[in-house]
Amino acid sequence: MTADTPFDKRDGYIWIDGEIVPWKEAKVHVLSHGMHYGSSVFEGERMYNGKIFKCNQHSERLHNSARILDMEIPISPSELDEIKYEICQKNGLTDAYIRPVAWRGSEQMAISAQATKTHLAIAAWKWGTYFDAKKRDKGITLKTAQWRRPPAECAPVDSKAAGLYMIATLSKHKVEREGYDDALFLDYRGYVSESTGANFFAIKDGTLITPTPDNFLNGITRQTILELAEEHNIPVEVRHVMPEELGSFEEIFLTGTAAEVTAVGKIDNYTYTVGPFTRKLREAYETLVRS
Ligand SMILES: Cc1ncc(COP(=O)(O)O)c(C=O)c1O
């Protein structure tokens with residue numbers, strides 16, 4: 001098994017609907033509501049040194065994401081916590097990425113899905129850095145996406161819902177073909193919002209600036225970074241960020257469970273250095289997740 005082995009052809013075990021099955025047998029029927037109508041929510045978590053960072057917060061968020069989509073996760077957040085540890089142990093993992101996913105089943109096949117059952121699976125695998133580790137000291141490159149994040153009135157923006165990633169994949173594909181690492185979304189008002197899978201931070205004159213999370217996921221890593229900034233006496237501004245400001249920022253970084261703290265070296269034609277604030281907060285985050 002290599003890093004390129006397709007995800008349905010790997011070895012190991014996956015928890016699905018109450019049982020642990022060999023990895024290759026964790027299958028879903030083609031007439032699942034989740035696949036046709038986007039009724040699916042998921043989590044992304046990391047285990048460091050045998051401990052899942054903010055384990056229960058992620059389980060609670062999965063429940064909340066499902067509730068927003070009028071779905072109900074069949075087990076409690078604390079039961080979810082236990083299974084996440086069990087599946088890591090079963091796969092012999094102490095450092096892992098964990099992916100719980102819930103979706104509506106095939107009991108009914110139309111827009112109305114009142115009779116469908118909510119299915120749940122939890123997989124875990126070894127996963128290194130989200131972006132190429134060699135970019136750590138240079139920073140990744142971003143290009144403004146052609147799609148915009150929708151308003152809270154037009155999409156369930158507080159849910160980690162699969163359907164919200166449709167524009168993320170489209171945007172990321174486009175900029176990758178142009179040689180960039182990721183796309184940066186503006187929102188429907190034209191404010192800077194986040195990348196395709198991580199939240200946005202900037203440094204200007206010693207102040208940490210991050211957009212108000214009123215139409216994108218208020219990431220668990222984002223909240224952790226805000227706490228760490230307070231501990232390190234770094235002043236914080238949570239506010240709307242205009243794209244015209246990008247040229248005046250000294251440092252930029254992204255945060256997310258997968259991306260962790262990733263420095264940004266370029267956005268469109270603006271360039272940034274991986275400066276002292278990014279390095280300090282990245283180090284503080286890395287220490288915290290392994291503590
Ligand atoms: C679109 C999007 N925004 C932000 C985040 C960061 O969230 P978290 O820090 O909770 O992983 C993620 C990752 O889950 C994401 O997919």
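Reply: A polar side-chain atom of Lys160 sits 2.7 Å from an oxygen atom of the ligand, a polar contact being a pair of N or O atoms within 3.5 Å, where within protein one must be able to donate a hydrogen and the other to accept it, and residues adjacent in sequence count only if both atoms are side-chain atoms. The model is a predicted one, in which local features need pLDDT of at least 70 and side-chain atom pairs count only at pLDDT 80 or more, while totals for chains, interfaces and linings use all residues. Numbering starts from 1 along each chain as its sequence is written, and side-chain values rest on heavy atoms, with hydrogens and water left out.

Arg61 likewise places a side-chain N or O atom 2.7 Å from an oxygen atom of the ligand, and for Tyr165 the distance from a polar side-chain atom to a ligand oxygen is 2.4 Å. Taken alone, the ligand exposes 390 Å², of which the protein buries 94% (Shrake-Rupley areas with a 1.4 Å probe; for residues, only the protein chains shown count as cover). Around the ligand there are 16 residues, and those that come nearest are Tyr165, Glu194, Ile220, Thr221 and Thr257 (near meaning a heavy atom within 4 Å).

Turning to the open spaces, the largest pocket has a volume of about 960 Å³, and Tyr130, Tyr165, Thr196, Gly197 and Ala258 lie nearest its centre among the 43 residues that line it. Two or more lining residues come from each of strand S6 (96-104), strand S8 (140-149), helix H4 (166-177), strand S10 (192-195), H5 and strand S14 (251-256), and H4 contributes the largest share, five residues. Helices (H or I, at least four residues) and strands (E, at least two) are DSSP runs numbered from the N terminus. A pocket is an open set of points on a 1 Å grid over the protein atoms alone, with protein on both sides within 12 Å along at least five of seven lines; in a cavity a 1.4 Å probe fits but cannot get out, and lining residues have an atom within 4 Å of a point. Points are joined across faces, edges and corners, and a volume is the space filled by probe spheres set on them.

The lining of the largest pocket comprises 19 nonpolar, 14 polar and ten charged residues (Ala, Val, Leu, Ile, Met, Phe, Trp, Tyr, Cys and Pro are nonpolar, Asp, Glu, Lys and Arg charged, and the others, Gly among them, polar). At least three of its residues come from each of domain 1 (13-125) and domain 2 (133-289), with bounds from an automatic or database assignment.

The second largest pocket, of about 750 Å³, has 24 lining residues, with Ala26, Val28, Val101, Trp103 and Ala121 nearest its centre. S7 gives the most to this lining, with four residues, and by class the lining of the second largest pocket has 16 nonpolar, four polar and four charged residues.

There are also two cavities of 30 Å³ or more. The largest cavity, about 40 Å³, is lined by Arg46, Tyr48, Phe53, His58, Ile220, Thr221, Thr257 and Tyr285, and because domain 1 and domain 2 both give residues to this lining, the largest cavity lies between them. Strand S4 (45-48) and helix H5 (220-231) each supply at least two of its lining residues.
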